[in-house]
Amino acid sequence: MADTALVTDPAAGTSPAAGEVTIPADELPFDPSLPWQKSASVALRPEPFGALVYHFGNRKLSFLKSKPLVAVVKALAEHPDVPSTLRACEVPEAQHPAYVTALATLSRSQMIEKRSTP
Amino acid sequence: MTAVLPPRAPAQRPTGGKLIDQFEYGLDAPICLTWELTYACNLACAHCLSSSGRRDPRELSTAEAEGVIDELQRMQVFYVNVGGGEPTVRPDFWHLLDYAIGHDVGVKFSTNGVKLNKARAAQLARTDYVDVQISLDGATAEVNDRVRGTGSYATAITALENLAEAGMKDFKVSVVVTRENAGQLDAFKALTDSFGAQLRITRLRPSGRGADVWDELHPTMAQQKDLYQWLLANGDGVLTGDSFFHLSAFGEALPGLNLCGAGRVVCLIDPVGDVYACPFAIHENFLAGNVRSPGGFQTVWQQSELFADLRNPQTGGACTKCQHFDSCRGGCMAAKFFTGLPLDGPDPECVQGYGESALAARDLELVTPKSHIDHSHKGPVRGQPTLLGMPSIPPAKICDESPLAGLDLR
C-alpha cells in the first residue's frame with residue numbers, strides 16, 4: 001500500500017464490506033480527457049481526513065485521504081473533463097498527476113464512471 | 001464510566017499520512033459494527049463470546065430495532081454484522097433483515113444454521129445485499145460437536161447444503177481457530193470449497209464463556225506459527241475479519257487492517273441496546289452507552305468518554321518499546337483484559353513470547369475480570385458440549401433416582 005497515495009484501494013485499506021465480489025478491472029486505461037462522474041451507486045461519507053467511499057453494487061469500500069480529492073470527485077460531474085475539474089477545484093498544477101492517478105484507481109474500482117453527457 | 005486505559009496525551013489527529021494512523025483517531029461513524037439481536041440461543045457453545053443462551057427480557061423491540069437501522073442509515077453505516085445469541089430465533093429476524101436492506105444497511109449475519117431450511121435458503125439466495133456465515137468449529141463432527149454441542153455439525157452442514165442448492169453466492173463458513181481444530185485448516189478449506197462457499201477464520205478470545213476454556217483451547221505457540229504461515233500462503237482466498245493482526249509480529253504484515261478497531265472503526269450493539277467498544281468486550285469497563293438514551297447511537301459513538309479515550313494512539317507501556325510494535329500494535333485489548341494483563345502490555349498470545357511471561361508473572365491472587373452479563377442456559381441443554389466433561393444432572397425428585405428411594409419398606 002502506497003502510504004502517500006490519495007486514495008486507498010479496498011484491498012489495501014481494510015476488509016472489504018459485506019461482499020467479496022470481484023469485478024474485472026476495466027481493461028482500458030483511464031482517460032482524463034473524457035467526462036466523468038461519481039458512480040450512481042456510490043455514496044461518499046465525510047470523514048475528518050477525507051471520505052469513506054462505498055459502492056452499493058460491488059460492495060467495495062475505499063477511502064479518499066484528502067478533502068480536496070473529495071471535492072474533485074464531487075465536482076467531476078459538472079465539468080467536461082478531468083483537467084478542467086482540477087482547475088475549477090484549484091488543485092495546484094504540480095499535483096495534477098497525483099490526482100489523475102487517484103482518479104484512475106477510483107475508476108478501476110468503479111467508484112467513478114464515464115458519463116455520456118458532456 | 002470506569003477509566004480503563006493508561007493516561008495518554010490528548011488526541012491530536014495528524015494531517016495526511018497512513019490511513020491506519022487516521023483510524024487510530026476514530027471515524028465519524030463506524031466502518032461497520034456488530035449487532036447482536038438476541039442473547040437467546042439453541043446451543044450452549046463452550047467458548048461463546050457473549051455468554052448467550054437465554055433471551056433478555058429487556059431486548060430491543062422490533063420498533064426500537066427499526067429505529068437503530070434508521071439511525072445507521074442516517075450515519076451512512078453501510079453494513080452491519082448481525083449475530084447473537086442465535087439471531088434467527090428472533091421472530092422478527094426476517095423482517096429486520098428486509099428492513100435493513102431496504103434502508104441501505106447491508107447485513108452479514110452469523111448463524112449456527114438452525115433456521116436455514118430450504119425455503120429460507122431460497123429466500124436468502126433471492127435477496128441482494130445479504131451475506132450469511134455459518135459457524136463451524138471443527139471440520140469433523142467429532143471436533144466441532146465437542147465445543148458446539150452434539151448435532152451442531154449436522155445442523156451446519158444441512159444449512160450449507162440448503163444454501164448451495166438454492167444457488168446462494170458467496171456465503172461463508174466461519175471458524176474460530178482453537179487448539180483442537182488448528183490442524184484442520186486445509187480440511188476446512190476443502191469443505192468450504194465443496195459448497196462453493198468462502199472460508200472465514202477468526203481468533204478465539206477469552207471473552208464470555210471463552211474465558212472458561214481459553215487456557216485449554218487457545219492455539220499453542222507452534223500452532224500460531226503454522227497458522228501464520230498458512231495465512232501467508234492462503235490469505236487471499238480466506239477472510240479473517242482482520243482478527244489475527246497480532247501474528248504480524250512474526251514478520252510480514254498480514255493482509256487487512258493491522259489495528260485494534262475497538263471504538264475507533266467498529267463497536268458492538270448488544271441485544272438490550274448497550275454499546276460496547278467491540279464484540280469481545282462485553283464488560284462494564286468497555287460500555288460506552290445505550291442506544292435508548294437521548295441522542296441514540298450517534299451520540300454514544302461520537303461523544304462517549306470511553307471512545308474518546310480509545311481514539312488516542314498508545315504512546316507508553318512495555319509494548320511501545322518493542323521493535324514489533326508497528327506490526328502488531330500491542331494486539332487485542334479484550335484478550336489482555338480478560339486474562340488480567342495490563343492494556344498497554346503484551347497480548348497474552350504475543351508471538352514474541354512476551355505474553356507467556358506476562359501471564360506467568362501475574363499475581364497468584366489475581367482474579368481475572370469477569371463480565372456480570374451472563375445469559376448462559378441455567379439448566380442442561382440438549383446435546384450440550386462435552387469439552388468440559390459430561391454434564392451431571394442432579395435428580396429433580398428423589399424418585400427420579402429410584403422409584404423405591406426414600407421408601408421405608410420395613
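The structure is a predicted model. In it, β4(B) is mostly covered, with 6 of its 6 residues buried.

On one side, β4(B) is joined to β3(B) by 5 bridges, and the two run parallel. Lys108(B) has Asp131(B) as its bridge partner in β4(B). From β3(B) the chain crosses through helix α4 (residues 118–126) of chain B to β4(B), and this β-α-β crossover is right-handed.

β4 (residues 130–135) of chain B also pairs with β5(B), in the parallel sense, over 3 bridges. Ile134(B) has Val173(B) as its bridge partner in β5(B). Ser135(B) stands opposite Ser174(B) in β5(B).

Strand β5 (residues 172–177) of chain B has 6 of its 6 residues buried, so it is largely enclosed by the rest of the structure. Both faces are covered. Lys172(B), Ser174(B) and Val176(B) are buried on one side of β5(B), and Val173(B), Val175(B) and Val177(B) on the other. With β6 (residues 198–203) of chain B, β5(B) pairs in the parallel sense over 6 bridges. Here Val173(B) has Leu199(B) as its bridge partner in β6(B). The chain passes from β5(B) to β6(B) through helix α7 (residues 185–194) of chain B, in a β-α-β crossover that is right-handed.

The buried residues of α7(B) are Leu185(B), Phe188(B), Lys189(B) and Thr192(B). Seen down the axis of α7(B), they fall within an arc of 100 degrees, so they line one face of the helix. An α-helix has 3.6 residues a turn, so residues three or four places apart point the same way. The buried residues of α7(B) pack against β5, β6 and α9 (221–234) of chain B. Asp186(B), Ala190(B) and Ser194(B) are exposed, on the face of α7(B) turned away from its buried side. Gly196(B) follows α7(B) and has a positive phi, near 65 degrees.

These strands belong to an open sheet of 10 strands in chain B, in the order β7-β6-β5-β4-β3-β2-β1-β8-β9-β10. The pairing is mixed. The edge strands are β7 (238–239) and β10 (287–290) of chain B, each pairing on one side only. Tyr276(B) has Leu287(B) as its bridge partner in β10(B). Helix α3 (residues 93–102) of chain B lies across β1 (33–38), β2 (79–84), β3 (106–111) and β4 of chain B. The helix runs at about 150 degrees to β3(B).

Chain A has 4 helices and 6 strands. Along the sequence, chain A follows the pattern β-α-β-β-β-β-α-α-α-β. Of its 118 residues, 36% are buried. Among contacts in chain A between residues at least 6 apart in sequence, 64% join residues at least 24 apart. The mean pLDDT of chain A is 82, with 78% of its residues at 70 or more. Over residues 10–26 of chain A the pLDDT is below 50, yet this stretch has 49 contacts in the model beyond near neighbours in sequence. Where pLDDT is low, the predicted coordinates should not be read in detail.

Definitions and conventions:
Residues numbered from 1 in each chain as written. Chains lettered and ligands numbered in written order. Predicted model: local features only at pLDDT ≥ 70, side-chain atom pairs only at ≥ 80, totals over all residues. Buried ≥ 20, exposed ≤ 12 C-beta atoms within 10 Å, placed from the backbone. Pairing = 2+ DSSP bridges. Right-handed = clockwise from strand over helix to strand, strands pointing away. Contact = placed C-beta atoms within 7 Å. Axes fitted to C-alpha atoms, helices over the stretch in contact; angles between N-to-C directions. Arc of directions from axis to C-beta. pLDDT = per-residue confidence, 0-100.
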